[in-house]
Amino acid sequence: MLKITDLHVAVDDNAILKGINLTVGAGEVHAIMGPNGSGKSTLSATLAGKDDYTITKGTVQFNNKNLIKLDADERAGEGVFLAFQYPVEIPGVSNKLFLRTALNGIRKYKGLQEIDRFDFEDLLAEKALLLKMPPHLLDRSVNEGFSGGEKKRNDILQMAVLAPNLCILDETDSGLDIDALKAVSEGVNALRDGNRAFIVVTHYQRILDYIKPDYVHVMVNGKIVKSGDYRLAKELEEKGYGWISAE
Ligand code: ADP
Ligand code: MG
Ligand code: MG
């Protein structure tokens with residue numbers, strides 16, 4: 001599904017990603033861990049097509065398309081979804097309208113008609129129930145005044161409604177209490193299937209107790225320096241990141 005080859009990314013002439021190689025197959029869950037400032041958010045944002053990030057070298061293939069050539073809207077249309085580390089508030093735009101507009105944007109990209117309003121209501125109700133999302137949050141402005149946990153859950157609701165192929169979660173677990181973490185993880189697990197892939201970026205091993213990854217990668221200083229399975233996450237939790245940098 002996704003093949004990243006020797007990816008170098010700079011921000012304002014500062015090299016941040018320094019040769020990332022990563023292959024993600026359909027249905028797989030990859031965790032990316034690493035110390036603060038190692039480039040995890042830069043990688044996530046680069047994949048989603050955020051500007052300000054200059055790709056200085058390397059390629060990114062997504063379902064056999066050159067992802068780098070597509071703008072952020074087109075990437076969303078192709079099925080790439082990023083849940084931000086810091087979800088944005090959009091005062092004055094209802095959550096429901098936002099979700100419907102986003103879904104219709106993707107449908108338009110795919111050459112589909114706008115979703116029927118009643119069908120959308122049904123879809124939203126089904127997904128909100130799945131994610132145990134209180135219905136009143138759907139009528140509020142996007143994320144405005146939401147608690148940290150509600151914002152993250154709202155991000156997962158967006159993901160459920162948009163049904164992307166590649167879901168990138170950038171530290172969705174940070175700042176969540178244990179109940180919110182469980183709710184978010186259950187939401188993610190409900191969306192796991194043989195076609196959808198996940199990149200779960202996290203600083204801590206804890207979320208990986210709930211979202212079991214197939215692969216764990218460690219990023220240090222703009223590179224993936226070690227890859228393994230779930231046991232690597234456990235090892236990091238016990239020993240920290242220092243030993244990897246030393247290695
Ligand atoms: P992580 O998510 O692993 O904590 P980031 O990708 O956020 O790391 O940041 C990696 C490095 O790139 C950091 O040193 C950070 O200061 C720098 N960086 C990220 N975004 C910008 C930016 N917009 N301008 C300047 N430096 C940035
Ligand atoms: Mg980050
Ligand atoms: Mg910009």
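Student: Which residue takes a positive phi in the hairpin of S4 and S5?
Tutor: That residue is Asn 63, with a phi near 45°. Two residues lie between the strands of this hairpin. Keep in mind that the model is predicted.

Student: How do you know that S4 and S5 pair?
Tutor: Two strands pair if there are at least two bridges between them. S4 and strand S5 (residues 65-66) have two bridges, so they meet the definition of a pair. Their sense is antiparallel, and Phe 62 is found opposite Lys 65 of S5.

Student: What makes strand S1 and strand S4 a pair?
Tutor: The cut-off is at least two bridges, and seven bridges link S1 (residues 2-11) with S4 (residues 54-62), so these strands pair. They run antiparallel, with Val 9 opposite Ile 55 in S4. S1 is also joined to S2, by eight bridges and again antiparallel. There, Val 11 has Asn 14 of S2 as its bridge partner.

Student: In what order do the strands of this open sheet stand, and why are S2 and S5 at its edges?
Tutor: The order is S2-S1-S4-S5, with antiparallel pairing. S2 and S5 each have a single partner strand, so one side of each has no neighbour in the sheet. Helix H1 packs on this sheet and touches S1, S2 and S4. The direction of H1 makes about 70° with that of S2.

Student: What is the strand order in the open sheet of six strands?
Tutor: Its order is S6-S9-S10-S3-S11-S12, and the pairing is mixed. Strand S6 (80-83) and strand S12 (223-228) are the edge strands, each pairing on one side only. On average, neighbouring strands here are turned by 20° against each other, direction ignored.

Student: How do you know that S6 and S9 run as a pair, and in which sense, parallel or antiparallel?
Tutor: Four bridges join S6 to strand S9 (residues 166-170), and the definition asks for at least two, so they pair. The two strands run parallel, and Leu 82 stands opposite Ile 168 in S9. Helix H6 packs on the sheet by touching S6 and S9, and its direction makes about 170° with that of S6.

Student: Which residues make the contact between H3 and H6, and how do their axes cross?
Tutor: The axes of helix H3 (residues 95-109) and helix H6 (residues 148-162) come within 10 Å and cross at roughly 35°. The crossing is right-handed. H3 contributes Asn 95, Leu 99, Ala 102, Leu 103 and Ile 106, while H6 contributes Asn 154, Gln 158, Val 161 and Leu 162.

Student: What makes residues of this contact nonpolar, polar or charged?
Tutor: The class follows from the residue type: Leu counts as nonpolar, for example. In the contact of H3 with H6, six residues are nonpolar, three are polar and none is charged.

Student: Which residues are closest to ligand 1, and which element gives the most to its shell?
Tutor: Val 11, Gly 37, Lys 40, Ser 41 and Thr 42 are the closest of the 13 residues surrounding ligand 1. Strand S2 (14-24) and helix H1 (40-48) are the elements that give two or more residues to the shell. H1 gives the most, with three residues. The shell is made up of two nonpolar, eight polar and three charged residues.

Conventions:
Residues numbered from 1 in each chain as written. Chains lettered and ligands numbered in written order. Predicted model: local features only at pLDDT ≥ 70, side-chain atom pairs only at ≥ 80, totals over all residues. Near = placed C-beta within 6 Å. Axes fitted to C-alpha atoms, helices over the stretch in contact; angles between N-to-C directions. Left-handed = near helix turned anticlockwise from the far one by under 90°. Contact = placed C-beta atoms within 7 Å.
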